[in-house]
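Student: Can you walk me through a model I have open? I'd like to go feature by feature.

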Amino acid sequence: MHSKLRVIAVTTAMAVTGFLGLRAAEAVHEANPPANVKMTQRSGGNHGYSAIVKQVVPAVVNISSSKIVKGRQSGNGEIPDDFLRQFFGDQAPRGLNVPQGVPEDRREMGLGSGVIVSPEGYILTNNHVVDGASEVTVTLHDKREFKARVIGTDKRTDIAVIKIDGSNFPTLTLADSSKVEVGDIALAIGDPFGVGQTVTQGIVSATGRSLGQQIEQLEDFIQTDAAINPGNSGGALVDDEGHLIGINTAILSGSGMGASGGNVGIGFAVPINLAKHDMDSILKNGKVERGYLGVLIENVTPSLAKAFHTTSNGALLGDVTPGQPAANAGLKKGDIVTELNGQLVSDADQLRTKIGTMDPNTKVNLKALRDGRTMDFAVTLGTFPDEQEQASNLGHSESPNSVIEGVTVENLTPEIARQMKIAPNAKGVVVSKVSPASNAAEAGLAQGDVILEVNHQAVASRAEFERAMNAKSKDAPALLLVERDGKTTYIAIG
């Protein structure tokens, strides 16, 4: 009997609750009428850059590479003592044996991007994406995978050409990157952080950008604020018509210069004209061949301009290699190149890039300033050498003299000349100390430099150096001709 009452009570409660809930819902409905939301079908017209992106992305690929990195294990199965000390300090066990079967080498994986530029499967990417790789895999936008061959690379521009087998691959049309202007729209396409193909948009922030050879040896970058991140290396930088204007190569981030860190709106791409020059040379010669003057050049800073009694911009010849094209044409140390084939030369980077994108045996006409006079020179370019000998830069004992504040020098003895691998009969003084806080250090003078001249006057000893320095006007900068690593360069110290 009691159980029946309980059932009736629960049933009645549910009925009452349901009734109250219905009334509450009706009340809410009366307070909030239905929302009349307008809907439409997205038209098939152009929305932003979607039409361009659809044309471009099939030709941008993902590149994964792997290489074998040699391990630290020694050949007799023992871990080297210096390696153990990294972990155990001076208490490291000596000659610790490694169990048999422990591999000495390891495999490193890398990710990057690339751009198909011909239907035969030639792909442009960065050298650092495939450098040293034992295996390269290319994944297309449609998920097809191919094993790629590295056809050739150029470390000076960080460009590489690889190839996949097949035909009728999607490609990008190459633009003339010399026509790119600051303010042009730029789209960066690649595979950042391995998340998948990504498109970012920005503008061209600068052209002809050089960073003091912090990234590459031949720098003529297009700078953009389109987001470039790790994994974008080797990807495409295109204009608002989908034409390829550059190969993304590096960024400036909170962690410094290179291809690591995150985007802060400062990215760099190798202009496609420069990349195509590399590709054409690789396909023709098996390697990149560049024009060569045989000079060491530097910018004409305000201090150098004052010392040379000129207001002209240009490229100062700090060293001219005997027997090479520039020397054969009559150019000398101290000449300032102001024109190349009728076009003004604004600085050393511009001259370096223009010569570097010319073929060997090309005939060029240079204008140069010498002692205030403009002279013409006809030069036939040589071939840039594959390797250049580098001399050691050794430190020496401190000397008490300091005619330049913060700088001490000593006589160049035969023993020092031998250590520095320079001619035993060389004349000059050796810089034995440079204070980091001095004007000389700021100007670029370094320990181990050999000073050959002061204001165009040869100095063969410390006494001659001091006389030459004391003879100059107080307000005039000291123009030093300095030998470093087998090359000479000018340094002006105010």
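This is a predicted model: local features need pLDDT of at least 70, side-chain atom pairs count only at pLDDT 80 or more; totals for chains, interfaces and linings use all residues.

Student: How much space lies in the second largest pocket?

Tutor: About 510 Å³. A pocket is an open set of points on a 1 Å grid over the protein atoms alone, where a 1.4 Å probe fits, with protein on both sides within 12 Å along at least five of seven lines. The volume is the space filled by probe spheres set on the points, which are joined across faces, edges and corners.

Student: Which residues lie nearest its centre?

Tutor: Ser178, Gly208, Asp220, Thr353 and Lys354, out of 19 lining residues. Lining means having an atom within 4 Å of a point.

Student: And which element gives the most to that lining?

Tutor: Helix α8, with 4 residues. Elements giving two or more are β8 (198-209), α5 (272-285) and α8 (348-356). Helices (H or I, at least four residues) and strands (E, at least two) are DSSP runs, numbered from the N terminus.

Student: New topic. Is Thr137 buried or exposed?

Tutor: Thr137 is buried, because its relative accessibility is 9%. The cut-offs are under 20% for buried, over 50% for exposed and partly exposed in between, with a 1.4 Å probe and protein chains only. Thr137 sits in strand β4 (residues 135-139).

Student: What does its side chain make a polar contact with?

Tutor: The side chain of Lys147, at 3.0 Å. A polar contact is a pair of N or O atoms within 3.5 Å; within protein, one must be able to donate a hydrogen and the other to accept it, and residues adjacent in sequence count only if both atoms are side-chain atoms.

Student: Why is β3 largely enclosed?

Tutor: Strand β3 (residues 122-126) has 4 of its 5 residues buried, so the rest of the structure largely encloses it. β3 pairs antiparallel with β6 (residues 159-163) over 5 bridges. Pairing takes at least two DSSP bridges. Leu124 has Val161 of β6 as its bridge partner.

Student: Last one. What is phi at Asn168?

Tutor: Near 60°, positive in a non-glycine residue. Asn168 is in the loop between β6 and β7 (185-190). Asn168 counts as exposed, at 70% relative accessibility.

Student: And Asn341, what is phi there?

Tutor: Near 50°, also a positive value. Asn341 is partly exposed at 40% relative accessibility.

Definitions and conventions: Residues are numbered from 1 along each chain as its sequence is written. Side-chain values use heavy atoms; hydrogens and water are left out.
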